[in-house]
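Here is a note on the structure, arranged as numbered points for a colleague who wishes to follow each one in the coordinates.

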Amino acid sequence: MTEKFGAASTTDDVLSGLDLKGKRVLVTGTSSGLGLETAQALVAHGAYVVGTVRDLDKAYATTEVIRAAAATGGDFELIELELGSLASVRACTDKLLLQAEPFDVIIANAGVMATQYGYTTDGFETQLGTNHLGHFVLINRLTPLLSAGSRVAVLSSNAHRMSDIDLEDLNYERRAYDGPIAYGQSKTANALFAVEFDRRHKERGIRAVAIHPGIINTSLTRNVDKEMLKRWMAGINEARAQQGLLSFESKTVPQGAATSVWAAFKASSDEIGGRYCEDCHISVEFKAFQDDGLSGGYRSYALDTARAAELWRKSEELVGEHY
């Protein structure tokens, strides 16, 4: 990896000079935010992007910018997918498998954050069921469409540092529910999925990686208490000021999507396989004593191979499918 990118790099920076014509990419959640930006950037560089959305009619208008970007040579199509419904996931994968068109990259971008206590249509805690189990079934069922050189980028988050997975109580049936903590558990699950998927498929030349996109103001945060968020940021900036640091600034959407496209098309697959990446580089283990609430790094449990294998087995049990 000779080119150096960082936290301020954008999708345009990362993809500059790349011709992606002939590449097929599946991006989940392309109706807004990071998914919309990711799909638009890839299409603008010639890729054929299949974008998943929950509502085809509503998404057609919001994704017009992606179709406009296709004028440079790429292409874009929408497919319906509700990750909180395994029936929808299976219908989506059945359609794609019937088409039998291979994918070079899958970017598992869609998700929900800090929701109220609730369940998916299959009875799973909303955030774990949507963010992890929906993608778990989707990607595993589409694996026959991947071949040597393919990559899977799974969006995790530094929120994983709030919670390890609780394999004995994934659905919060015995624990007091906390939306942000449950989000953290789901993001740890995303990272562990990438670890185990990579282990299972790297001999075939298929690699997987977990991505932290950064702190970005998108519709994902719509369920977060705004006053709580203001107090949290005020505390962080006070701590930064005491250390002589500038106030924190969130990333733009193009900066937030940069690590996804970097991992998909720029980084060395052998280096990033089974790893956790942020700011367009491979991350290091998080050290709590250095934390200001936003500093980089992963907790060791998010890349623990034994935990990843245990979660895989539990996930298969929950969804009723074995891969």
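**Notes on the predicted model**

1. Arg-207 forms a salt bridge with Asp-198, and the closest N and O atoms of the pair are 2.8 Å apart.

2. How many salt bridges does a search of the whole structure find? The search returns 14.

3. Arg-67 and Glu-64 are three residues apart in helix 4, which spans residues 64–69, and so they are separated by about one helical turn. Arg-67 has a relative accessibility of 22% and therefore counts as partly exposed, while Glu-64, at 40% relative accessibility, also falls in the partly exposed class.

4. In helix 12, Glu-317 forms a salt bridge with Lys-314, with 3.6 Å between the closest N and O atoms. Glu-317 and Lys-314 are three residues apart, about one turn of the helix. Glu-317 counts as exposed because its relative accessibility is 55%, whereas Lys-314, at 24% relative accessibility, counts as partly exposed.

5. Two packed helices are described by the angle between their axes and the distance between the axes. For helix 7 (residues 179–201) and helix 12 (residues 305–319), the packing angle is about 95 degrees and the axes are 8 Å apart. Helix 7 and helix 12 are therefore roughly perpendicular to each other, since angles from 65 to 115 degrees are given that description. On the side of helix 7, the contact is made by Ala-189, Leu-192, Phe-193, Val-195, Glu-196, Phe-197 and Arg-200; on the side of helix 12, it is made by Thr-305, Arg-307, Ala-308, Ala-309, Leu-311 and Trp-312. The residues of this contact of helix 7 with helix 12 comprise nine nonpolar, one polar and three charged.

6. Which residues does Ala-308 touch, not counting those up to four places away in sequence? Ala-308, which lies in helix 12, touches Leu-192, Val-195 and Glu-196. The C-alpha atoms of Ala-308 and Val-195 are separated by 6.4 Å, although the two residues are 113 residues apart along the chain. Ala-308 has a relative accessible area of 2% and is therefore buried.

7. Is Ser-186 buried or exposed? Ser-186 lies in helix 7, and its relative accessible area is 0%, so this serine is buried. Leaving aside neighbours within four places in sequence, Ser-186 is in contact with Gln-127, Leu-128, Asn-131 and His-132.

8. Two backbone positions deserve a look. Ala-100, a residue other than glycine, has a positive phi near 60 degrees, and its place is in the loop between helix 5 (86–99) and strand 4 (105–108). Tyr-172 likewise has a positive phi, of about 55 degrees, although it is not a glycine. Tyr-172 lies in the loop between strand 5 (151–155) and helix 7, and it is buried because its relative accessible area is 4%.

9. For the protein as a whole, there are twelve helices and eight strands. Buried residues make up 54% of the 323 residues. Among contacts with a separation of 6 or more, residues 24 or more positions apart account for 77%. The protein exposes about 14,000 Å², and carbon and sulfur atoms supply 50% of that area.

Definitions and conventions:
Residues numbered from 1 in each chain as written. Predicted model: local features only at pLDDT ≥ 70, side-chain atom pairs only at ≥ 80, totals over all residues. Heavy atoms only, no water. Helix = DSSP H or I, 4+ residues; strand = E, 2+ residues; numbered from the N terminus. Buried < 20%, exposed > 50% of the residue type's maximum accessible area, 1.4 Å probe, protein only. Contact = heavy atoms within 4.5 Å. Areas by Shrake-Rupley, 256 points an atom, 1.4 Å probe, with all protein chains shown as cover. Axes fitted to C-alpha atoms, helices over the stretch in contact; angles between N-to-C directions. Parallel < 35°, antiparallel > 145°, perpendicular 65-115°, else oblique. Nonpolar A, V, L, I, M, F, W, Y, C, P; charged D, E, K, R; others polar. Salt bridge = Lys/Arg side-chain N within 4 Å of Asp/Glu carboxyl O.
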